[in-house]
Amino acid sequence: TPELAADVTLQPIERFPLDAAIIFSDILVVPQALGMDVDMVRGKGPVFTDPLESPDELARLIEPDVESALGYVADAIQLTVERLAGRVPLIGFCGAPWTLAAYMIEGSGSKSFSRARSWLYRHPDELVGLLDRLANVSIEYLDMQIRAGANLLQVFDSWAGMLGPREFER
């Protein structure tokens, strides 16, 4: 909830002389906005209940109204900014398209992300289409965060290191 997210975001600021706060959220809210279900499994982390097995399943992703689907994050940002009262800037964020796609295809975290990486070679055009879609939704999401009051943004590309230079560039 926005109130709890604001409370958790402010806890370190109340205790330590930090330079900034980062909104308490998760990178996987963008796939959720696209219609995918994610469960947080104790001891394992985020798990997609029905990961993308093949490019044919891309059709089940919805076109979200970002304001409606992720407005609770904007509400949390607005509340946090109000409570920060200018003490420190607030950082908003999202996951990078490759990182989000890797989770959506793999179904959970992985040491190799072999299923996701196989799409690089078996379904490159469909993967690029998914990455473009994720990028466009993420842009809307980040824009919403700025309008809600975030002072700066960060894009987490947790799994970019799994790509070779050519794949990363593409």
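**Close-up 1. Helix α3 crosses helix α6 in the right-handed sense in this predicted model.** The two helices, α3 and α6, pack at an angle of about 35 degrees, and their axes lie 9 Å apart. On the α3 side the contact is made by V66, E67, L70, G71, V73, A74, I77 and Q78, which meet V137, E140, Y141, M144, Q145, R147 and A148 on the α6 side. Sorted by class, the residues in this contact of α3 with α6 comprise 9 nonpolar, 3 polar and 3 charged ones.

**Close-up 2. The largest nonpolar core contains 51 residues.** Within this core, the residues with the most contacts are L52, M104, L130 and Y141. At least two core residues come from each of α1 (2-15), α2 (29-33), α3 (66-84), β4 (90-95), α4 (97-106), α5 (114-122) and α6 (124-148), and α6 gives the most, with 9 residues. Which residues does L130 touch, when those up to four places away in sequence are not counted? The partners of L130 on that basis are L52, L58, L61, A101, M104 and I105, and of these, L52 and M104 are themselves named among the residues with the most contacts inside the core.

**Close-up 3. An open sheet of 3 strands runs in the order β1-β4-β5, with parallel pairing.** The edges of the sheet are taken by β1 (21-22) and β5 (152-156), each of which has a single partner strand, so that one side of each is left without a neighbour in the sheet. The parallel pairing of β1 with β4 extends over 2 bridges, and in this part of the sheet I22 stands opposite I91 of β4.

**Close-up 4. Strands β2 and β3 form a hairpin with 3 residues between them.** Strand β2 (residues 38-41) pairs with strand β3 (residues 45-48) in the antiparallel sense, over 4 bridges, and M40 has P46 in β3 as its bridge partner. In the turn of this hairpin, G43 has a positive phi of about 85 degrees.

**Close-up 5. T99 is a buried residue of helix α4.** The relative accessible area of T99 is 0%, and because buried means under 20%, T99 belongs to that class. Leaving aside neighbours within four places in sequence, T99 is in contact with I27, F156, D157, S158, W159 and A160.

**Close-up 6. V128 lies in helix α6.** With a relative accessibility of 24%, V128 counts as partly exposed. Although V128 and P97 are 31 residues apart along the chain, their C-alpha atoms are separated by 9.6 Å.

**Close-up 7. A85 and F113 each have a positive phi, although neither is a glycine.** Most residues other than glycine have a negative phi. A85, in the loop between α3 and β4, has a phi near 50 degrees, whereas F113, in the loop between α4 and α5, has a phi of about 45 degrees. Are these two residues buried or exposed? A85 is exposed, with a relative accessible area of 63%, while F113 is buried, with a relative accessible area of 0%.

How values were computed:
Residues are numbered from 1 along each chain as its sequence is written. This is a predicted model: local features need pLDDT of at least 70, side-chain atom pairs count only at pLDDT 80 or more; totals for chains, interfaces and linings use all residues. Side-chain values use heavy atoms; hydrogens and water are left out. A nonpolar core is a set of buried Ala, Val, Leu, Ile, Met, Phe, Trp, Tyr and Cys residues joined through side-chain atoms within 4.5 Å. Buried means under 20% relative accessible area, exposed over 50%, partly exposed in between (1.4 Å probe, protein chains only). Contact means heavy atoms within 4.5 Å. Two strands pair if DSSP finds at least two bridges between them. Axes are lines fitted to C-alpha atoms, for helices over the stretch in contact, and angles run from 0 to 180 degrees between N-to-C directions. A crossing is left-handed if the near helix is turned anticlockwise from the far one by less than a right angle, and right-handed if clockwise. Ala, Val, Leu, Ile, Met, Phe, Trp, Tyr, Cys and Pro count as nonpolar, Asp, Glu, Lys and Arg as charged, and the others, Gly among them, as polar.
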